[in-house]
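Q: I have a structure open here and would like to talk through how its pieces pack. Could we go over it together?

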Amino acid sequence: MSIRLEHIFKKFGDCPVFNDLNLPVNAGEYHVILGPSGEGKTVLLKTIAGFIRPDRGRIYIHGTDVTMASVQERSVGLVFQDFALFPHLTVHDNIAFGLRAQGCSKKTINLKIDKYAAITGLARYLKKYPATLSGGQKQRVALARALALEPEVLLLDEPLGSLDTSLQEEIRLELKQIHHELNMTIIHVTHNKTEAFFLADNISIIHKGKIVQTETPEQLFYKPKSSFVAEFMGITNIFDGRIVREIKHNVHVHVAANEYHESLLLYLPKFPVIEDNESISFCIHPEKVILTNRKYDRNCLPGHVFHIISNGAMFDVIIDVMGHQIKATVPKTVFNRIDKDDVFVYFPPESFHPLCGKTHRMPENKRKCMNYAADSRIILS
Amino acid sequence: MKILNKNKSVVFNTTFIVLSSIFFTSIVMIVLTLAFSITQEDLRQILETSRLVTAIWLSIKTSFIVMLITFVIGLPVAYVLARKTFPGRALCDALIELPIVMPPLITGLAILMMFGNDGMLSGLRIDIIFTQKGIVLAQLMVAAPFFIKTVRESISAIPENLFEAAASLRASRFFTLRAMIIPLSKNGIIAGLILTWARALGEFGATSMVAGCIPMKTETMTLAIYMSAMSGEQGHANAMALILTLFSLFFLILFKSTMSKTNVYQT
C-alpha cells in the first residue's frame with residue numbers, strides 16, 4: 001500500500017509542527033523518517049495513524065483520501081515507542097486484543113497468534129504478563145500485536161529506542177526479516193542513523209516541519225541537498241563559498257573561514273545550474289580527502305595533523321588547515337608512509353558535492369534543476 | 001554520620017508506629033465498647049423484634065440497590081468526566097462532588113422540595129416522599145459521588161498510549177471499555193463501590209428528611225438506632241450498632257479480597 005502526504009500543515013497553539021510537509025512512500029517499501037528529537041516525527045506517525053488531524057493537507061493510503069477517516073477506519077498498525085502493552089493481559093491476550101475486537105472466531109485467533117508468535121519468537125512466552133518480560137520481549141509482543149491484524153501499513157515509533165545496543169541489533173535484523181517475509185509497507189521513525197541506514201529502502205529527513213530530502217540511504221549520504229542534511233548525516237567537511245566563475249562544469253569557488261581564504265576548483269558535471277557570484281555550500285567526504293607530502297597545483301593546502309583516531313584498517317585523521325578542521329579517512333598503510341610534519345591536504349575537484357537548495361533561485365534555473373531532478377530520479381525539496 | 005542517620009531512622013519509624021497504633025487502637029476500642037455494652041438478651045430481643053429486623057433488612061436492601069444503580073449510572077459519568085473535554089466540564093466536576101461537601105440534610109431537603117407537593121418534579125407522580133424509593137434516591141444522591149470521583153481518578157490514571165493502542169487495534173469504544181478500561185480500573189471501581197455502599201448504609205440525614213422514619217416501612221438501621229437511643233432503649237441501640245459494624249467489616253474484607261494487590265501499570 002502506498003502512502004502520500006500532501007501539503008500537510010499542523011499547529012499546536014502558536015507552535016507550527018508541520019509546514020507544508022509532503023511525504024511519498026511507495027507500496028511495500030521500508031521507509032524511515034529520520035530527524036533529530038523534537039522535529040515532530042511521532043506527531044507525523046500519529047497523523048498518518050489518524051490520532052491527529054492535520055489543519056490542512058491530504059493523506060492518501062493506496063490512493064484513497066483518508067484525511068478525515070478515524071483510526072479504526074485506516075488499515076494501519078502502530079507499534080509504540082514505549083510498547084503500550086495492556087498490563088492486565090497475558091502475551092496471548094495482548095496479541096488477541098485486536099482480533100477479539102474484530103469479532104474473529106476462537107479458531108482464527110489461535111491460528112493467527114500461533115503464526116505471529118512464531119515469527120516474533122514469542123511462542124514460549126504466551127502465558128506471561130508484560131511486567132515479567134524483558135525489553136526485547138515486550139517489543140516483540142507489541143510487534144506481534146500490531147501484525148496480528150494484518151494491517152496494510154505498519155508504523156513503528158522509535159521501536160528500538162528503549163533497548164540496549166545488542167538487543168537493538170537483534171530486533172533490527174528481525175524487523176528486516178519480517179519486512180522481507182510479509183512484504184508490507186513499513187514507516188519507521190527514528191533519530192538513529194545506523195538504524196535508518198540498515199533498514200531503509202528510502203529515508204526521509206524531517207526538519208522544521210518539512211521533509212527536506214527523500215532518498216535511498218546511499219544517495220542521502222553521498223548527495224545531501226542541504227547543509228542541514230549533510231551535518232545531520234555526520235558529514236564534517238562542509239564549506240561555504242562564493243562562485244567566482246564557471247567554465248564547462250569547472251566551478252571556481254572562493255572559500256573564506258577563519259584565517260582560511262582559498263580559491264577551490266570544483267568539477268560539477270551533473271549540476272547545470274551553477275551561477276556566477278552565487279553563494280554555494282558543498283562538502284567532501286572524508287574518504288575522498290587525500291593526505292600527501294606532495295604539493296599539487298590546485299586544491300592543495302598545508303595542514304597540521306591535530307588528532308588521529310584508529311578505525312579498523314583506517315585512520316580518521318583530523319587536520320587543522322589554517323583554522324578550519326578537515327576530516328580525512330585514510331588507510332593505515334598509506335598514512336604510515338606520510339611524513340606527518342609536512343602534510344598537504346588535497347581535494348580532488350571531482351570529489352566535491354554541492355549541497356543544493358541555496359543557488360537555484362532564478363525561475364529558468366529552477367526549471368533546469370527540476371528537469372535534472374526528474375532525469376536522475378532525485379526528489380528536490 | 002552513619003550512627004546519626006540510624007538514629008534518625010529509628011525516630012522516624014517509632015513516630016509512625018506510635019501514631020498508627022493510637023489510630024488503630026481507637027477503632028478497636030469503638031468495636032470492643034459496643035461488644036461489651038450489650039447482653040445476649042439485647043441481641044435476642046432485637047432478632048425477635050420484627051420492627052428492628054425489618055430495619056436491618058431494609059438497610060441492606062437499599063444500600064445494595066444504591067450500589068447497583070451507582071455502578072450502572074456512575075461508570076458512564078466517570079468515563080465522560082475522565083476522558084471527554086467539553087464546555088462546562090469543570091462545572092460538572094464541581095457539581096458531581098457537591099453532595100460530598102454538602103450536609104446530607106440539605107440534599108434531603110432539596111429532594112423533598114423537588115418531589116413534594118407543588119415541587120418541580122411533582123408532576124411526574126412518582127411516589128418518593130415517605131417511601132422506600134425515597135430512601136434509595138436520598139442514599140443515591142449522597143453516596144454516588146464517592147463512586148464517580150474514585151472511578152474518574154482511576155480512568156484518568158490509565159496511560160493515554162493504552163487508549164491509542166486500543167484504537168490502533170481497531171477496538172470500538174465499547175470493546176475498549178469492556179476489555180481495557182473496566183479491568184484496569186477494577187481497584188478504583190471496587191473502592192468506589194465500597195465507599196458508596198458504606199455511605200448508603202450509614203446514611204441518616206437525607207434519608208430521614210425524604211422518607212421519614214415510619215417503622216416497618218421506611219425505618220432504616222441508622223434511623224432505628226437513633227430512635228432506640230432517643231427512647232431510652234440503649235441496649236437495642238448498642239446491639240444494632242454492633243451488628244451494623246460487624247456487617248460493614250465483613251463486606252469490607254469481602255470487597256477488598258477481590259482487589260488486585262499489584263500495581264497494574266508496572267510493565
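Q: At what angle do helix α9 and helix α12 of chain B pack?
A: This is a predicted model, and in it helix α9 (residues 186-201) of chain B packs on helix α12 (residues 234-257) of chain B at an angle of about 170°, their axes lying 10 Å apart. Since angles over 145 degrees count as roughly antiparallel, α9(B) and α12(B) are therefore roughly antiparallel to each other.

Q: And which residues in α9(B) meet which ones in α12(B)?
A: From α9(B) the residues are I190(B), L193(B), I194(B), A198(B) and L201(B), and these meet S248(B), L252(B) and F255(B) in α12(B). Sorted by class, the contact of α9(B) with α12(B) has seven nonpolar residues and one polar residue, with no charged residues.

Q: Switching to the chain contact, how many residues of chain B are in contact with chain A?
A: On the chain B side there are 19 residues, and they are in contact with 21 residues of chain A. The elements giving two or more residues to the side of chain B that touches chain A are α7 (160-168) and α8 (173-184) of chain B, and α7(B) gives the most, with six residues.

Q: What does that side of chain B divide into by class?
A: The residues of the side of chain B that touches chain A divide into 12 nonpolar, five polar and two charged.

Q: Now the sheet in chain A: in what order do its six strands come?
A: The order is β6-β7-β8-β3-β9-β10 (chain A), in an open sheet whose pairing is mixed. At the edges are β6 (76-79) and β10 (210-215) of chain A, each of which pairs on one side only, and neighbouring strands of this sheet are turned by 20° against each other on average, with direction ignored.

Q: Do β3 and β9 of chain A run parallel or antiparallel?
A: Strand β3 (residues 30-34) of chain A and strand β9 (residues 202-207) of chain A run parallel and are joined by four bridges. Within this pair, I33(A) stands opposite S204(A) in β9(A).

Q: Last topic: into which domains is chain A divided?
A: The division is into domain 1 (3-227), domain 2 (237-284 + 348-381) and domain 3 (285-346). Where domains 2 and 3 of chain A touch, the contact takes 12 residues from domain 2 and 15 residues from domain 3.

Q: Which strand gives the most on the domain 2 side?
A: Strand β13 (residues 260-267) of chain A does, giving four residues to the side of domain 2 that touches domain 3 of chain A. By class, that side of domain 2 of chain A has seven nonpolar, three polar and two charged residues.

How values were computed. Residues are numbered from 1 along each chain as its sequence is written. Chains are lettered from A and ligands numbered from 1 in the order in which they are written. This is a predicted model: local features need pLDDT of at least 70, side-chain atom pairs count only at pLDDT 80 or more; totals for chains, interfaces and linings use all residues. Two residues are in contact if their C-beta atoms, placed from the backbone, lie within 7 Å. Ala, Val, Leu, Ile, Met, Phe, Trp, Tyr, Cys and Pro count as nonpolar, Asp, Glu, Lys and Arg as charged, and the others, Gly among them, as polar. Two strands pair if DSSP finds at least two bridges between them. Axes are lines fitted to C-alpha atoms, for helices over the stretch in contact, and angles run from 0 to 180 degrees between N-to-C directions. Angles under 35 degrees count as roughly parallel, over 145 as roughly antiparallel, 65 to 115 as roughly perpendicular and the rest as oblique. Domain bounds come from an automatic or database domain assignment.
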